[in-house]
Amino acid sequence: MPMDTEHRLDATEIKACCALTYQSDAARLLLGDSFHPGGIRLTEHLGALLHLEPGQRVLDVASGQGRSAIALAQRYSCQVLGIEYGAEAVQQATQAAVEANIAHLVTFQQGDAEHLPVPDNHFDAVICECAFCTFPDKTTAAAEFQRVLKPAGQLGLSDLTRTDEIPEDLQGLLAWIACIADAQPVDAYVRYLTEAGLTITMLENHDAALQEMVQQIQGKLLGAELLQRLQKIKLPASFDLEQAKKLARAAKAAIQANTFGYIALLASKVN
Ligand SMILES: C[S@@+](CC[C@H](N)C(=O)[O-])C[C@H]1O[C@@H](n2cnc3c(N)ncnc32)[C@H](O)[C@@H]1O
């Protein structure tokens, strides 16, 4: 696992740390409710590519604050279950579904992508957005996608990609949690899914969405710094603004150098 020796965490610690970070106020401040490049626009695009229909069962793996699950249920009237490692995020997502009057179609449950608490052959579609790259055991997670899909069911996945080795500035713990340090080359995503028994049917480039997201984060970090100086907000003590700015700068440079990108793909379960 490419963690530096100072921050060598085991798989459970990585998942817990990732979940804690994404359910924090700081994450929402920087990212809004939708924690992936392209936001709900890209989620709805995936839904259209998956040909989601009313009554279909959809699983959102690593559902975060629940925005994608809610948007898909609203748009396609499908039944969506979100599985998320962070217990607090599950509560927040459940509350958001109630507030959006869609709790009859969307539910959330705490669980691990590597051991999904759902039966075999159960879902018409599985989505997983900007999360596969954070799973320590990608082989097992890919096998879980395959297990829970019905025959002919489809996976819609979007994730961060890399072309070269990851620059040193982006290899620490914060980078790992921000999905950066274990981003995979496109071929590796294809290999994990293919080896799990899925067939890739579509690949799209969404690098521009990643660039836009990092620019927005940089703008929000500057805004947060200004508001903090003016004593209009108090950032959580655990939030290291300087470290976050450094990470965002390094990420922007890596995107400009085409080291990082963002893809969406579809894969189907043949039998
Ligand atoms: C970048 S966020 C993406 C959240 C959501 N998919 C979205 O696009 O808004 C990554 C999410 O993966 C969750 N996560 C990380 N490891 C997980 C695991 N092993 N099982 C389930 N969720 C996990 C984190 O808690 C976090 O909510």
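Biologist: Which classes of residue line the largest cavity?

Modeller: Start by sorting the lining by class. This is a predicted model. Here the lining has 15 nonpolar, nine polar and seven charged residues.

Biologist: How many residues is that, and which lie nearest the centre?

Modeller: The lining comprises 31 residues. Nearest the centre of the cavity are Ala62, Ser63, Gly64, Glu84 and Ala131.

Biologist: Which elements supply the lining?

Modeller: Look at secondary structure next. At least two lining residues come from each of helix 1, strand 1 (57-61), helix 4 (67-76) and strand 2 (79-84). Helix 1 gives the most, with four residues.

Biologist: How many cavities of 30 Å³ or more does the structure hold?

Modeller: One. Its volume comes next: the largest cavity holds about 440 Å³ of space.

Biologist: What takes up the space of the largest cavity?

Modeller: The ligand does. Now read the shell around the ligand. That shell has 21 residues, and the closest are Phe35, His36, Ala62, Glu84 and Ala113.

Biologist: Which element gives the largest share of that shell?

Modeller: Helix 1, residues 11-22, with four residues.

Biologist: How does the shell divide by class?

Modeller: Use the classes again. The shell has 11 nonpolar, six polar and four charged residues.

Biologist: Which side chain places a polar atom 2.5 Å from an oxygen atom of the ligand?

Modeller: For polar contacts, read atom pairs and distances. Here the side chain is that of Glu84. Glu84 is also among the residues nearest the cavity centre.

Note on methods: Residues numbered from 1 in each chain as written. Predicted model: local features only at pLDDT ≥ 70, side-chain atom pairs only at ≥ 80, totals over all residues. Heavy atoms only, no water. Near = heavy atom within 4 Å. Polar contact = N/O pair within 3.5 Å; in protein donor to acceptor, adjacent residues only side chain to side chain. 1 Å grid on protein atoms, 1.4 Å probe; cavity = no way out; pocket = protein on both sides within 12 Å on 5 of 7 lines; lining within 4 Å. Sits in = over half its atoms within 2 Å of the grid points. Nonpolar A, V, L, I, M, F, W, Y, C, P; charged D, E, K, R; others polar. Points joined across faces, edges and corners; volume = space filled by probe spheres on them.
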